[in-house]
Amino acid sequence: MSQQTLRDVARARRGAFTDSDAAISELSQFLKVDTRTDVKAAALQHVLGLTGSEAGRRQLLAAADVLAQLKRLVAEDRSPAGHDASLALLNLSGFAAAGAPLLAAPGPNTAELLLRRAVQTDSRLADACCMVLSNLSRHPAGCAAIWRCLRDGSAEADGAVTVERLVVALCQRDFNTVGCKLDYLGPLLSNLTQLPEARSYMLDRDRVVFQRLLPFTDYQESLVRRTGVIGAIKNCCFETDSHMWLLGPDVDLLPRLLLPLTGPEPYDDEDMEKLPVDLQYMDETKTREADVDIRKMLLEAITQLCATRSARERVRAQGAYLILREYHKWETDEAALELCEELVNILIKTEDEIGVDDLKAVQIPNDVAERLHKESAAAAERPAPADTA
Amino acid sequence: MADQPHQPKVMTDAERDKLAKTLDEELDQFIEGLQKSQYKDGWKEETWEKEMQEHPFFRSKPFEDGEELPPLIQGLQALKYDPSLHTEEELAFTYKEDGNLCFKVKKYKHAVLNYTEGLRKRHPNIELITQLLTNRAAANFHLGNFRSSLRDCERAVRLTPGHMKAILRAVQCCTKLGRSAEALSWCDRGLAVDSTHAELVRLHHAATAQQRVEERNRRQAALKERKQKAADDRLLAALAERGVSVLSEEGKPVSGAAVRPELLVPQVPGLETGVQLTDSGDLSWPLMFLYPEHSQSDLVRAALDTDPISGHLEAMFGADGGGSPEWDTAGTYRPDRLEVYYEYEDGLETRVVRVRTDSRIRDVLADKRYVVKGGVPGFIVLPRDSPFRTVFLGRYQVDER
């Protein structure tokens with residue numbers, strides 16, 4: 001049989017919705033920014049269809065020039081075609097294998113493009129770009145690429161995106177004027193703060209960056225944003241050197257961590273005086289955080305803050321025990337209860353009983369260390385939840 | 001005579017003195033011989049200090065408000081501000097400088113006036129106008145006019161976005177006005193221009209802390225209001241249950257749901273607490289006993305509504321209680337010889353009702369005819385043995401229960 005017929009047969013075998021690799025590459029010419037609108041739209045619909053199947057995705061990710069065209073559409077096209085292109089990238093980005101090809105594709109720098117669109121106040125593509133960034137940041141290579149872009153952005157003057165701009169975009173009400181919520185900047189920050197350099201930037205005392213996250217620890221309108229913000233805060237709590245600053249008046253982190261764990265139960269006047277301002281006189285309609293994973297993250301963050309003696313004393317002084325006592329009566333999840341009990345144990349012991357100033361400096365015996373390593377390796381094997389549109 | 005070079009004569013001291021004296025005398029004669037002229041237009045001996053103060057060069061203190069300016073100074077002023085002698089731009093700058101000078105000596109009202117005049121020139125120099133607005137905002141800030149100051153800051157920043165002085169002043173104004181959310185938004189505008197501006201960062205922390213305190217105060221006030229409302233509701237329910245009627249603001253008796261807490265506030269001077277619901281669920285009323293015969297009265301601050309009236313009469317007039325008051329000269333006010341009445345309006349006429357002294361206060365108040373006025377139930381007390389009683393009751397229609 002001739003090549004042509006072979007190709008036809010192959011096509012027929014793969015079914016109606018698959019094309020040969022050559023055909024996919026041909027698509028790229030119909031995806032140019034200046035292509036006629038209806039042709040462009042049809043091509044994009046086809047691409048979106050392909051992103052729905054594993055085979056289609058594999059083919060698209062192998063077609064670097066198509067990816068390049070999609071990026072160019074996102075960069076330059078202000079019509080609905082740009083939006084469709086961003087959706088296509090989003091569908092692709094949800095899969096682990098997509099990171100490398102998407103970042104490596106020719107055309108505009110992927111991370112930079114997505115970051116610029118995400119913080120562009122009048123862009124309708126902003127939410128899709130945030131989600132792509134969030135997906136890419138779940139893997140080390142993607143996270144590093146995004147961070148590099150942000151770090152270099154700090155050195156440049158205007159237009160470039162910095163971490164500060166990301167945080168402002170996330171935390172300023174109605175930052176995006178055309179209806180995009182930008183909630184997925186939350187998980188992006190959470191992933192970025194796994195890098196020590198990113199944490200260091202977030203904890204800069206000469207700027208107002210970290211503090212902007214605090215009002216969102218009980219943001220009811222979006223679970224995604226709330227989870228991301230609390231994840232970012234929790235990661236930053238690993239920096240022991242910043243603990244006194246975090247617990248001090250310039251940030252005052254602890255009450256915001258305790259707020260989602262606080263319920264409507266009234267305290268008597270004497271106890272009420274001991275509580276920080278944010279937790280006093282709670283309305284009787286106050287409810288606790290509904291998501292158990294978030295509750296656990298909050299407890300872990302507060303536990304981290306109890307690493308050193310002076311920090312522990314500060315946590316005690318701010319009435320943490322009063323809040324956790326009532327929370328413990330309410331909580332039903334075993335793992336969360338255990339975390340709570342460990343934390344309360346630290347708080348109710350006196351400093352003499354603890355004896356050690358920095359709990360993180362404690363030596364772990366070898367067999368215990370081995371067991372802990374095995375457990376954390378097993379936890380890493382479990383698949384992470386997919387963030388696709 | 002031989003031709004000798006002229007040798008200056010060497011004088012002796014005596015000869016020198018004589019020469020000096022001769023020259024002095026010659027000078028005196030010359031002066032005497034000159035035409036004498038008057039010293040006019042100069043400062044007089046009596047008034048030189050005042051004259052000195054009025055001279056622009058020698059003036060030592062600033063002018064008070066309303067003080068009339070001396071002519072020399074008025075003249076200089078006219079020159080300085082004469083529009084025919086200066087361009088609009090020069091005048092605007094002059095007003096700005098004058099304003100700055102006033103600001104330096106803390107004459108903020110004058111500074112504001114100067115800056116306003118400068119702005120009125122409407123000279124289109126953006127930098128100048130921004131400075132005039134910012135400076136006027138500063139002067140108004142020091143005068144306590146925070147709202148005007150804030151408006152000028154807004155205008156300044158609209159003209160020159162990122163003008164840090166105006167942004168900082170705006171934050172201060174919002175803080176003084178107690179608007180911490182606005183203060184924070186101004187801080188953010190400033191930080192967008194200069195993200196590590198130390199003063200803005202500090203102000204941001206302060207405004208955030210202030211905002212948290214304000215939110216706590218709101219919650220506290222809301223809680224207090226809810227508690228008060230709950231207490232009021234319980235009291236009103238107790239009153240409704242007992243069928244108590246109260247006089248409304250329009251002068252009509254109301255009961256049940258129409259009763260409001262404001263109608264229960266005691267109108268007796270010096271009495272702070274009106275009717276209360278006790279923890280055991282009883283009502284405690286202040287009571288007024290009136291003795292029209294002697295124009296006297298007694299105020300009981302808190303009487304349980306389950307008390308019989310006789311108990312209080314006993315307490316006030318009984319041998320074990322207050323005994324006989326000094327105004328009771330005839331000795332007729334003995335607890336067992338007293339009758340109790342109350343007034344009520346029946347259509348157009350006023351009637352009185354006789355109350356059995358062993359009645360409970362609660363039962364008297366429950367009577368449809370009894371209306372509590374001014375938050376304090378009142379009772380008229382008349383001694384049975386007194387002629388006054390007959391006269392008094394003769395004026396009314398009496399309901400014997």
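Which helices of chain B each supply at least two residues of the lining of the largest cavity? In this predicted model, they are α5 (108-120) and α6 (126-142).

**View 1. The largest cavity and its lining in chain B.** The structure holds one cavity of 30 Å³ or more, and the volume of the largest cavity is about 30 Å³. Its lining is made up of B:Ala92, B:Gly118, B:Leu119, B:Arg122, B:His123, B:Leu128, B:Ile129 and B:Leu132. With three residues, α6(B) provides the largest share of this lining, which divides by class into five nonpolar, two polar and one charged residues.

**View 2. The contact between chain B and chain A.** Chain B brings 14 residues to the contact and chain A brings 20 residues. About 1600 Å² is buried between the two chains, with 48% of that area given by carbon and sulfur atoms. On the side of chain B, the residues that lose the most area to chain A are B:His205, B:Arg212 and B:Arg219, which together account for 41% of what that side buries.

**View 3. Polar contacts and salt bridges between chain B and chain A.** Five salt bridges are found across this interface, one of which joins the side chains of B:Asp188 and A:Arg212 at 2.8 Å, N to O. Between the two chains, 12 residue pairs are in polar contact, with both residues at pLDDT 80 or more. The elements of chain B that give two or more residues to the side touching chain A are α9 (180-193) and α10 (198-241), and α10(B) gives the most, with 10 residues. Sorted by class, the residues of that side are four nonpolar, five polar and five charged.

Notes:
Residues are numbered from 1 along each chain as its sequence is written. Chains are lettered from A and ligands numbered from 1 in the order in which they are written. This is a predicted model: local features need pLDDT of at least 70, side-chain atom pairs count only at pLDDT 80 or more; totals for chains, interfaces and linings use all residues. Side-chain values use heavy atoms; hydrogens and water are left out. Contact means heavy atoms within 4.5 Å. Buried area is the accessible area (1.4 Å probe) that two parts lose on being put together, summed over both. A salt bridge is a side-chain nitrogen of Lys or Arg within 4 Å of a carboxyl oxygen of Asp or Glu. A polar contact is a pair of N or O atoms within 3.5 Å; within protein, one must be able to donate a hydrogen and the other to accept it, and residues adjacent in sequence count only if both atoms are side-chain atoms. Helices (H or I, at least four residues) and strands (E, at least two) are DSSP runs, numbered from the N terminus. Ala, Val, Leu, Ile, Met, Phe, Trp, Tyr, Cys and Pro count as nonpolar, Asp, Glu, Lys and Arg as charged, and the others, Gly among them, as polar. On a 1 Å grid over the protein atoms alone, a cavity is a set of points where a 1.4 Å probe fits but cannot get out, and a pocket is an open set with protein on both sides within 12 Å along at least five of seven lines; lining residues have an atom within 4 Å of a point. Grid points are joined across faces, edges and corners, and a volume is the space filled by probe spheres set on the points.
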